[in-house]
Amino acid sequence: MGHGGNVIQELTTDHREVEEIFGRFEALPPGSPERKNLCDQATIELVRHSVAEEAYLYPAVREHVAGGDALADKEIEDHAEAERLMKDLEGCQADDPRFDTLMTRLMSEIRSHVTDEEQNLFPRLEAACPADALMKLGDKVRQAKRMAPTRPHPSAPDTPPADKLLAPGAGLVDRLRDALSGRGKES
């Protein structure tokens with residue numbers, strides 16, 4: 001978390017890290033307890049990433065990209081679906097009959113979302129937004145990820161200013177819960 005570079009470089013690196021977690025997940029046999037740990041790791045990264053995008057990336061898309069409102073709205077819808085899946089996964093263990101189905105749906109949703117962002121949204125933002133603004137957005141995204149929640153909160157606001165006000169408090173509670181439970185730690 002927190003790689004450096006402009007907003008596009010930062011978020012693309014996040015995408016690669018989550019894909020690496022997905023690959024490790026897919027390499028394990030169904031029912032393996034390690035699959036739940038990898039699911040939790042992916043969820044932590046995805047929630048942090050989504051909160052940062054919703055707070056800073058999508059407002060920039062709305063401001064700088066022609067048709068940005070529709071683009072941002074679609075991306076936020078994608079996040080909402082992924083967050084519902086992650087919330088359902090939160091209550092499942094690796095041997096739960098629903099676990100693999102939910103995780104497969106989540107990976108499919110995320111992979112589709114990543115492809116759309118990297119092939120459509122990022123190039124359009126890069127073409128429309130000054131380089132110094134992209135660097136500043138990268139800094140803001142890194143800061144947001146440090147304070148962001150680590151668990152899905154589907155009913156939480158996903159647009160500014162409410163998301164920026166509530167995310168740090170939820171993030172503090174989530175990080176405390178994770179520390180006490182050991183959630184998201186590699187074994």
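User: What are the ground rules for the numbering and the values?
Analyst: Residues are numbered from 1 along each chain as its sequence is written. The model is predicted, so local features need pLDDT of at least 70 and side-chain atom pairs count only at pLDDT 80 or more, totals for chains, interfaces and linings use all residues, and side-chain values use heavy atoms, with hydrogens and water left out.

User: How many helices and strands does the chain have, and what makes a run count as one?
Analyst: The chain has six helices and zero strands. Helices (H or I, at least four residues) and strands (E, at least two) are DSSP runs, numbered from the N terminus. From that end, the order is α-α-α-α-α-α.

User: What is the class of Lys-145, and where does Lys-145 lie?
Analyst: Lys-145 lies in helix H5 (residues 131-147). Its relative accessible area is 1%, so Lys-145 is buried. Val-47 is 98 residues from Lys-145 along the chain, with 8.8 Å between their C-alpha atoms.

User: Why is Asp-100 called partly exposed?
Analyst: Asp-100 has 23% relative accessibility, so partly exposed is the class. Asp-100 sits in helix H4. Leaving aside neighbours within four places in sequence, Asp-100 is in contact (heavy atoms within 4.5 Å) with Phe-25, Pro-30 and Arg-35. Glu-26 is 74 residues from Asp-100 in sequence, and their C-alpha atoms are 9.9 Å apart.

User: How do you know that the span of H3 is close to the expected one?
Analyst: The expected span is 1.5 Å times one less than the number of residues. H3 (residues 68-90) has 23 residues, and 33 Å is expected. From first C-alpha to last, H3 reaches 32 Å, close to that value.

User: What do the buried residues of H3 pack against?
Analyst: They pack against helix H2 (33-64) and helix H4 (99-128). Among the buried residues of H3 are Leu-71, Ile-76, His-79 and Met-86.

User: What makes a space a cavity, and how many are there?
Analyst: On a 1 Å grid over the protein atoms alone, a cavity is a set of points where a 1.4 Å probe fits but cannot get out. A search of the whole structure finds two cavities of 30 Å³ or more. Grid points are joined across faces, edges and corners, and the volume is the space filled by probe spheres set on the points.

User: Which residues line the largest cavity?
Analyst: The lining has 13 residues, and His-15, Leu-46, His-49, Ile-110 and His-113 lie nearest the centre. Lining residues have an atom within 4 Å of a point. H2 gives the most, with four residues.

Conventions. Buried < 20%, exposed > 50% of the residue type's maximum accessible area, 1.4 Å probe, protein only. 1 Å grid on protein atoms, 1.4 Å probe; cavity = no way out; pocket = protein on both sides within 12 Å on 5 of 7 lines; lining within 4 Å.
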